[in-house]
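Hi,

Here is the structure I promised to pass on.

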Amino acid sequence: MSAQLTLQAPTALPPSDVVPYLEKLWGEDLQHTSGAATFSLVVYEPSWLQQHLIRTGRVSGPLTGLLDHDLIAAAKEAVPALDLPFSTAVMDQRLAWRLGQQPGDARAEDLRGQFVDGAISAHMPRRLITLAPTLDEARPLETLVAAYCPLPDEGGGGPACGDVVVLRGGREVLKSKLDLVLPLISDDLPCWVWWNSSLDEAPELLEALAPPPRRLVVDSSLGQPRRCIDVLVDRIASGQAVNDLNWLRLRSWRESLAMVFDPPSRRNALDHVVQLDIDVEGDHPLKGLLLAAWLADRLGWELVESYGVETDWAGTRREKGIGAEFRRRDGSALQFRLMPVPVGSPKIHPGALVGLRLICAPEGRPPLCVILCSESGGCMRLEAGGMASMELAEDVVPLPNESEEEELARLLSGGHDTTNPLLAAAAPIAAKLLPS
């Protein structure tokens, strides 16, 4: 579904005039439209990667905050040009940082907050508030306001179903003007806060924007792994509704694994797992740890210990992985290994899964080896070592083709005023799996 511009040209206003203008907009200009009784959506949208790609002349504008094909292609071309490892993902914050060290002063029109993805607009947000920090930290605050509604074929039923507010300026300026945001969020409607950036960034701003009972959406693949998992665990423990886009991307892996064990002849094998191996792209392990934690929770495994492991690839580079020992319900031990593997064409988000191997040893039957591979990655490493004596079940996991905006729209459509119980159970286990 394509993105759309707001239907009314945004009006630039002094910050102090935003609330009076909106009151007048709905009280007089749009008096025959009550507005959608849906939700408010607050988005922190720095788009540092796109800003730097535009500034250095690698892509043209406008600046939208959306991950389109041109941006992804330019980012992948920049990785070897900047002497970064080939396994560097498009959204790895180190790529944006390295681009920030390059010269350039190209500019483009900034449409963040005005360029609304159709999947989101179809749910008719009552108010969409975008905080759009700029590379120029000294840039003063600009505020833009526009009436907004979805296109007719997407279910829009009136001349306007909501409005858009954009706050643009240097990050420190935005922090100092957060008092402008609070009056814009109605207490009568649910409020979602989408932190569309690294969780390492501006933690005090995240705290201010997303207190409970607002519903928080994050991406635990963006930021230092310990910081990311701690945010998930702490927010979930507080009772806040938390949604993790990194967790949502595991859906096809969980479904594929469940399908392998759907035949009655294989279900008993899940009680006899002896080894679990997961390979991930690059050095961000959280996605793989969340998958392992989900399995541990569903199958009743107890974590005994976790530790760091190292391996050499072709004797040239030392990679750090994670090992752990679990204890099954019957008291038997099983071993877990998560390893980073070198890839030449990484996916968009850090730590994408390459493959999974699950070995089961049911009593009185040949061992069962289950291997799942991503569409873009092989499983040669996981296929090595004594597979000839085992029953082999191998499958390819389809790659999700939904954008962040489409995943967010899925959340908005479902309500989700509580954290997904599977994520709530898996996150604390993943936190313990991650060595200090």
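Let's start inside a sheet: Ser40 stands opposite Cys191 in β8. Strands here, like helices, are DSSP runs (E, at least two residues, for strands; H or I, at least four, for helices), numbered from the N terminus. Five bridges join β3 (residues 40-44) to β8 (residues 191-195), and these two strands run parallel.

Before going on, some ground rules: this is a predicted model, in which local features need pLDDT of at least 70 and side-chain atom pairs count only at pLDDT 80 or more, while totals for chains, interfaces and linings use all residues. Residues are numbered from 1 along each chain as its sequence is written, and side-chain values use heavy atoms, with hydrogens and water left out.

Back to the sheet. It is open, has eight strands in the order β2-β6-β7-β5-β3-β8-β9-β10, and its pairing is mixed (two strands pair if DSSP finds at least two bridges between them). β2 (11-13) and β10 (242-244) are at the edges with a single partner strand each, so one side of each has no neighbour in the sheet. On average, neighbouring strands are turned by 20° against each other, direction ignored. α8 packs on this sheet, touching β9 (215-218) and β10, and its direction makes about 155° with that of β10. Contact means heavy atoms within 4.5 Å; axes are lines fitted to C-alpha atoms, for helices over the stretch in contact, with angles from 0 to 180 degrees between N-to-C directions.

Of its 38 lining residues, the closest to the centre are Arg94, Pro225, Asp283, His284 and Pro285. (A pocket is an open set of points on a 1 Å grid over the protein atoms alone, where a 1.4 Å probe fits, with protein on both sides within 12 Å along at least five of seven lines; lining residues have an atom within 4 Å of a point. The volume is the space filled by probe spheres set on the points, which are joined across faces, edges and corners.) β13 gives the most to the lining, with six residues.

Ile371 is buried, because its relative accessible area is 0% (buried means under 20%, with a 1.4 Å probe and protein chains only). Beyond its neighbours within four places in sequence, Ile371 has contacts that include Leu356, Cys379 and Ala393. The C-alpha atoms of Ile371 and Ala393 are separated by 6.3 Å, at 22 residues apart along the chain.

Cheers

How values were computed: Buried means under 20% relative accessible area, exposed over 50%, partly exposed in between (1.4 Å probe, protein chains only).
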